[in-house]
Amino acid sequence: MMTAQADYRSETEKQEYRYLPRLLRLIIAPVPLFAIQPVLHKIVHQIAQKRPELFDRIGPHKDKLFLIDPVNLPFAFALRPNPDRLSFRAYRRRNVPQVEARIAGTFLTLLDMVDGQLDGDALFFTRELVVEGDTEAVVCLRNAIDDIEGSIAEDTANLFGFAGRNALKVLRKVRNHGRKH
Amino acid sequence: MAENTEPVGELVCPAGTPASLRTAVDAGADAVYCGFQNATNARNFPGLNFTLPEMKKAVAYAHEHGTKVLLAANTFPPAGKIQLWKDAVDSAVRMGIDAIIVADIGVAGYIKKNHPDQRIHLSVQAGAPSVEAIKYYCEEFGVRRVVLPRILTIPEIKSLKKDIPCEIECFIFGNHGLMAEGRCSLTNYVTGLSTNMDGVCSPAGDVKYEEDAQRNLTTKLGAFTIDCFSCTQNPGYPTICKGRYRAPHRPDGYYAFEEPISLNLARLLPELIKAGVHAFKIEGRQRSRAYVREVVSSWRKAIDDVMAGQDVELAHLLSLTEGHKQTQGAYETKRWR
């Protein structure tokens, strides 16, 4: 087991801070966790229902706890990808649980990876992605998510209707802008 | 003497998952190579590769779009344990796989004897760089194409082509870990697992990344530290052959085997075609569909442009490469380091 490490600030992150709308951070920061957990529960169960093949590829690592750590957001997320006891919960950084593996990057970097728009190895080569703990479990999760056709981000956005789709559109615009500058 | 049964300029692309295969097909691959979820292929990584039903669907999808599927069954069965490879071959033949890529003479012999019409390609893992070696595989097993080891210059390839009775496939892009292809035992030495028999180079279960508060990154394989990177340095794959080591004559640490660098032969494409290279292979079954989409579509355009007489560069792919450095390797000169 490992404990999450301290945050870091890469050039990409600093750039992303510049471009990520402050409004988003201002909205998210004070939100109590108890209000976020049901949303996360809904997101992960919806994905599990729609994409059951995801779990076959995770195989022996489905009972492990992964910390998905968007370093420029106020929360980190702990994921246990076992379809029989699926959990996806947000934690303030001072309270993150012990996990087997941690995957960290800026919010939009992680979003683009899940979205199939960025290559995990290339992000690792540029230090935009940090992997700690059980490397085999991380590789397995990465390959499982990458095999999902379409976009998990779009599936999630669709859960929230018009507002969700527009939010994703804005985030993608911000990301594209950030990548060009 | 050379046999050419297909148009020159075939683009052969990697697929580690069904989604990557469909991405490669959609991006313009002429052929896609992939493997089953076991030790029969040299990219036997966790969460990667195809189950039998996935492979069947993938072959159907590729064939509907006019793309060939090549099965990588290119590891070496340990003595007395060949059944897994026989099963892989039998399944692939039933599914209508276009060619099976093999390295081991036992597997090649099994295909020739039991599936004489099945097309066989000789894997780079066979490490066959000479006329004599290649002719042996062609004459004994009916090999129709050889994937050349990345140790030959273009004049050497041209000379070879005149005297061998099969097509030539060359790597043109991706990981540049030469060693003695098909003979490397570094992973075996460190982890007990064999790249050539278990299909795992640097198994992820033995890899550890450790980053300190200053963002210095240490990569380890088993009990061995492979490399340390400061916060401004770009790491490479955690393989022994790309590590930096101290030696009595190099106390500061140096790349003893290879450097974290990627092959990019965009500028040499016209010469490779003139030398008689039939098919161009992109490395990277372990990479994501984002990589496959970008790299395959770029090379599709590059090959089409070269066939139309235009120059190509493909410098924009540098951002996807290991070490963010590229080389033309031995294709340009034997002294590539």
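Reader: Why is B:Cys170 called buried?
Author: Its relative accessible area is 0%. Buried means under 20%, with exposed over 50% and partly exposed in between (1.4 Å probe, protein chains only), so B:Cys170 qualifies as buried. Bear in mind that this is a predicted model, where local features need pLDDT of at least 70, side-chain atom pairs count only at pLDDT 80 or more, and totals for chains, interfaces and linings use all residues. Side-chain values use heavy atoms, leaving out hydrogens and water, residues are numbered from 1 along each chain as its sequence is written, and chains are lettered from A and ligands numbered from 1 in the order in which they are written.

Reader: And what makes B:Cys13 count as buried?
Author: B:Cys13 has 0% relative accessibility, so the buried label applies there too.

Reader: How many disulfides does the rule give over all chains?
Author: The count is zero. A disulfide takes a pair of cysteine sulfur atoms within 2.5 Å. For B:Cys13, the closest cysteine sulfur sits in B:Cys34, 12 Å off, so that is too far for a bond. B:Cys170 is in no disulfide either, its nearest cysteine sulfur being that of B:Cys166, 11 Å away.

Reader: What are the domains of chain B?
Author: An automatic or database domain assignment sets the bounds: domain 1 is 10–176 + 261–332, and domain 2 is 193–255. Taken over C-alpha atoms, the centres of the two domains of chain B are 27 Å apart. Contact (heavy atoms within 4.5 Å) involves 20 residues from domain 1 of chain B and 13 from domain 2 of chain B.

Reader: How much area do domain 1 and domain 2 of chain B bury between them?
Author: About 1200 Å², 50% of it on carbon and sulfur atoms. Buried area is the accessible area (1.4 Å probe) that two parts lose on being put together, summed over both. On the domain 1 side of chain B, B:Phe45, B:Phe76 and B:Glu322 supply 33% of the area buried against domain 2, more than any other three residues.

Reader: Why do you call B:Glu322 and B:Lys242 a salt bridge?
Author: The rule wants a side-chain nitrogen of Lys or Arg within 4 Å of a carboxyl oxygen of Asp or Glu. The B:Glu322 and B:Lys242 side chains meet at 2.8 Å, N to O, so they pass. The rule finds one salt bridge across this domain 1 and domain 2 interface of chain B.

Reader: What about chain B and chain A: how many salt bridges are there?
Author: Six. A:Asp121 and B:Arg287 form a salt bridge at 3.6 Å, N to O. In all, 41 residues of chain B touch 32 residues of chain A, and the two chains bury about 2900 Å², 47% of it on carbon and sulfur atoms. B:Tyr209, B:Arg215 and B:Arg289 lose the most area in chain B, together 25% of what that side buries.
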